[in-house]
Structures are given as C-alpha cells and as structure tokens.
Amino acid sequence: MATLNFTLMTFRQPPDFTGKKNWQKPITLHPQKRQLTLPLATNSPQPVEQKPIIELEFIGPKAGGDGKYPVDRVTESSGEKVLRSIMEDNKLELYAAYGKLMNCGGGGSCGTCIVEVIDGKDLLSERTNAELKYLKKKPESWRLACQTIVGNKENSGKVVIQRLPQWKK
C-alpha cells in the first residue's frame, strides 16, 4: 500500500513562569516536529470479506382478494439473528390474537411464535429443546421463530417461511 509522509510543524510560545504577560517582549516561537503518515487510496482492489446472505420470503397467513398469498422479502446476514427478530425488525405479523397478548418475548417458553418452513430447512438451526417440547404433536416443518437461527455464518441461500401456519386451511 502506498503512503504519504508529512512533517507537521506547530509552534508554541515558551511558558512565562512569572505569571505576568509582558506584551512588549518579542515572542520567540519554538518549533515542534511530528511525523504523520497517511495511507493513499490505490486502484488495486482490496479484498473485502463479504458475509453470507440469506434471502427470506415470508408468505402471509391469508390470501388476498385476488386469491394470492402476500409475500414479503427480506435479506439478512447468515447466522446473526433468529426469525422472530427478523420478523419484528421488518414489522411482519408473527402472532395470532392470543400470542399478541400472551407471548413470552422470545424466551421459548410459550410456543406462540409458530412458523412453517416451506423451503430452505437446511439453512436454519436444528430444533432446540423448547421446540421439541412445544411442537411434539405438530408437523416437522413447524418451528418456533424465537428459537430458529437463520444461517450459520458460512452458508447462504433462500428460505421460504409460512407465517401463522395454523391459520392456513
């Protein structure tokens, strides 16, 4: 990398130990030198480490007037967040009426943040003990959003999630 070196000179007035300021005396300035090194931008590309990205599609719980289910698309860095946080950050409906009032706030102790993984199961974390407890009579594709980590910091791809699968009929 190329650098540019400077010598900075600053001047200071010598201290007056008498405490008086005598404006009639000539001022003698004492130089101080300091080295300053600045990196220069070059045209050669610097390697930038890119984090793997997970593309998420959230399918709405109810079909619209045209008979199609609404789809919300979000991208997130792999392995950094759980589904619940991603959905809350993007203001996506996660809870049914009961869950809005009685959810545990993401602690994995209520089972109200259920989602269904339509595609991309291999890009999500394994089921936790809380999920095994609350989802033992539910389909294998159902997960608790508060317990499901998206990605593992190394993989990238696409995950399709059905919101509120218990509403789907």
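**Close-up views of cysteines and strands**

View 1. Cys-104 is partly exposed, with a relative accessible area of 31% (partly exposed lies between buried, under 20%, and exposed, over 50%, using a 1.4 Å probe and protein chains only). This is a predicted model, in which local features need pLDDT of at least 70 and side-chain atom pairs count only at pLDDT 80 or more, while totals for chains, interfaces and linings use all residues. Residues are numbered from 1 along each chain as its sequence is written, and side-chain values use heavy atoms, leaving out hydrogens and water. With a disulfide taken as a pair of cysteine sulfur atoms within 2.5 Å, the count comes to zero. Cys-104 is therefore in no disulfide: the nearest cysteine sulfur, in Cys-110, is 3.6 Å away.

View 2. Cys-146 itself is buried, with a relative accessible area of 9%.

**View 3. The open sheet.** Five strands line up in the order S4-S3-S7-S5-S6, with mixed pairing. Here strands are DSSP runs of E, at least two residues long, numbered from the N terminus, and two of them pair if DSSP finds at least two bridges between them. At the edges sit S4 (71–77) and S6 (142–144), each pairing on one side only. From one strand to the next, the twist averages 35° (axes are lines fitted to C-alpha atoms, and angles run from 0 to 180 degrees between N-to-C directions).

**View 4. Where S5 meets S6.** Strand S5 (residues 114–119) pairs with S6 in the antiparallel sense over three bridges. Look for Glu-116, which stands opposite Trp-142 in S6.

Key
Helix = DSSP H or I, 4+ residues; strand = E, 2+ residues; numbered from the N terminus.
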